[in-house]
Amino acid sequence: MEYVIIAFRSRAHTVRFHEILRANGVKNEIVNTPKEAGVGCGLSVKISKNLLLYVKNAVFSSKLGSFAGFFLVTTYGGRRVVRSI
């Protein structure tokens, strides 16, 4: 299983970005930021990997100053690997 999380340093910005995506018809959810990411406020927005290019544009156009990064989360046999992308 693979998915992307978008981390922010502000919970308010995480919720705001979730709402921006939802208002534009982009399926997403708020999840706990994996500790392996080592950034953020503890909450992130989770999206499908195939939405990354669209969502990158949305992040940068939203001008939410607390953006912390994009992370690919992959699960191999119960083991979670998180890497910055």
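Reader: What makes the contact between Lys49 and Glu2 a salt bridge?
Author: The term is used when a side-chain nitrogen of Lys or Arg lies within 4 Å of a carboxyl oxygen of Asp or Glu. For Lys49 and Glu2 the N to O value is 3.0 Å, so the pair meets that rule. This pair links distant parts of the chain, since Lys49 belongs to the loop between strand 3 and helix 2 while Glu2 belongs to strand 1, 47 residues apart. The model is a predicted one, in which local features need pLDDT of at least 70 and side-chain atom pairs count only at pLDDT 80 or more, whereas totals for chains, interfaces and linings use all residues. Residues are numbered from 1 along each chain as its sequence is written, and side-chain values use heavy atoms, with hydrogens and water left out.

Reader: Why is Lys49 called partly exposed?
Author: A residue is buried under 20% relative accessible area and exposed over 50%, with partly exposed in between (1.4 Å probe, protein chains only). Lys49 has 44% relative accessibility and therefore counts as partly exposed, and Glu2, at 37%, is placed in that class as well.

Reader: How many salt bridges does the rule give?
Author: The count comes to three. Besides the pair already described, Glu19 forms one with Arg16, their closest N and O atoms being 4.0 Å apart. Glu19 and Arg16 are three residues apart in helix 1, so about one helical turn separates them. The side chains of Glu36 and Arg80 also meet in a salt bridge, at 3.3 Å from N to O. That pair joins distant parts of the chain, with Glu36 in the loop between strand 2 and strand 3 and Arg80 in strand 5, 44 residues apart. Glu36 is partly exposed, with a relative accessible area of 38%, and so is Arg80, with 37%.

Reader: Which strands stand at the edges of the sheet, and what makes them edge strands?
Author: Helices (H or I, at least four residues) and strands (E, at least two) are DSSP runs numbered from the N terminus, and two strands pair if DSSP finds at least two bridges between them. The open sheet has five strands in the order 2-3-1-4-5, with antiparallel pairing. Strand 2 (29–32) and strand 5 (79–84) each have a single partner strand, so one side of each is left without a neighbour in the sheet.

Reader: How do you know that strand 2 and strand 3 pair?
Author: Four bridges join strand 2 to strand 3 (residues 43–47), and because the rule asks for at least two, the antiparallel strands count as a pair. Glu29 stands opposite Lys46 in strand 3. Helix 1 (residues 11–23) packs on the sheet, touching strand 1 (2–8), strand 2 and strand 3, where contact means heavy atoms within 4.5 Å.

Reader: Why is strand 4 described as largely enclosed?
Author: Seven of its 10 residues are buried, so strand 4 is largely enclosed by the rest of the structure. Strand 4 pairs with strand 1 in the antiparallel sense over seven bridges, Leu72 being the bridge partner of Val4. Six bridges join strand 4 to strand 5, which also run antiparallel, and there Val73 has Val82 as its bridge partner.

Reader: What lies between strand 4 and strand 5 in their hairpin?
Author: Two residues separate the strands, and Gly77 in the turn has a positive phi of about 50°.

Notes: Axes are lines fitted to C-alpha atoms, for helices over the stretch in contact, and angles run from 0 to 180 degrees between N-to-C directions.
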